[in-house]
Amino acid sequence: MLVLKHSLKTVHANPFKTRICRIFSTSKLNNGSISFEDFLDMFSAFSEAAPASVKAEYAFRILDFNDNGAIDRSDLIKFLALITGNEVHNILTDTEMRIIIDMIMADIDMDGDDRISLSEFLHIASKMPDFAR
């Protein structure tokens, strides 16, 4: 029960909580509501026992905000805004955001199409030992 309480607190405090719920939701309303079965799927996918590849695939889907099958610059802008609080606090300037996004693309976008594919994301995630935790 303690693990469940901790998991609920973690999701509640996560800046991606709305997106996470939308990804795991099987509701036909497309409003991000999740059933108990959806919650169990989410809990399972992010558990320590889940394979790193499963975690990476869900992370990719969460970061693909526009649901176009790739992580592009608009997705990275949304990602940076959420992790920095930039939407509310304007922590980063547009120039700083562009520099960070350029650096991310330079490191991950192997084919130079200005989009991060699932295979590119899986490749970089496989090189991060902390990712699988």
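A residue is called buried when its relative accessible area is under 20%, exposed when over 50%, and partly exposed in between (1.4 Å probe, protein chains only). This is a predicted model, in which local features need pLDDT of at least 70 and side-chain atom pairs count only at pLDDT 80 or more. Side-chain values use heavy atoms, and residues are numbered from 1 along each chain.

**Helix α5**

Helices are DSSP runs (H or I, at least four residues), numbered from the N terminus. The buried residues of α5 are Asp75, Leu76, Leu80 and Ala81. Helix α5 covers residues 73-84; at 1.5 Å a residue its twelve residues should span 16 Å, and its end C-alpha atoms agree, being 16 Å apart.

**Aromatic pairs**

Rings of Phe, Tyr and Trp (its six-membered ring) pair if their centres lie within 6.5 Å; planes under 30 degrees apart are stacked, over 60 edge-to-face, the rest tilted. That rule gives seven aromatic pairs. Phe39 and Phe43 have ring centres 6.1 Å apart and planes at 20°, so they are stacked. Both sit in helix α3 (residues 36-45), four residues apart, about one helical turn. Their accessibilities are as follows.

| Residue | Relative accessible area | Class |
|---|---|---|
| Phe39 | 12% | buried |
| Phe43 | 33% | partly exposed |

Ring pairs also link Phe16, Phe65 and Phe79 into a cluster.

**Helices α4 and α8**

Contact here means heavy atoms within 4.5 Å. In α4, Ser53, Ala56, Glu57, Ala59, Phe60 and Leu63 meet Leu118, Phe121, Leu122 and Ala125 of α8.

How values were computed
Helix = DSSP H or I, 4+ residues; strand = E, 2+ residues; numbered from the N terminus. Expected span 1.5 Å × (residues − 1).
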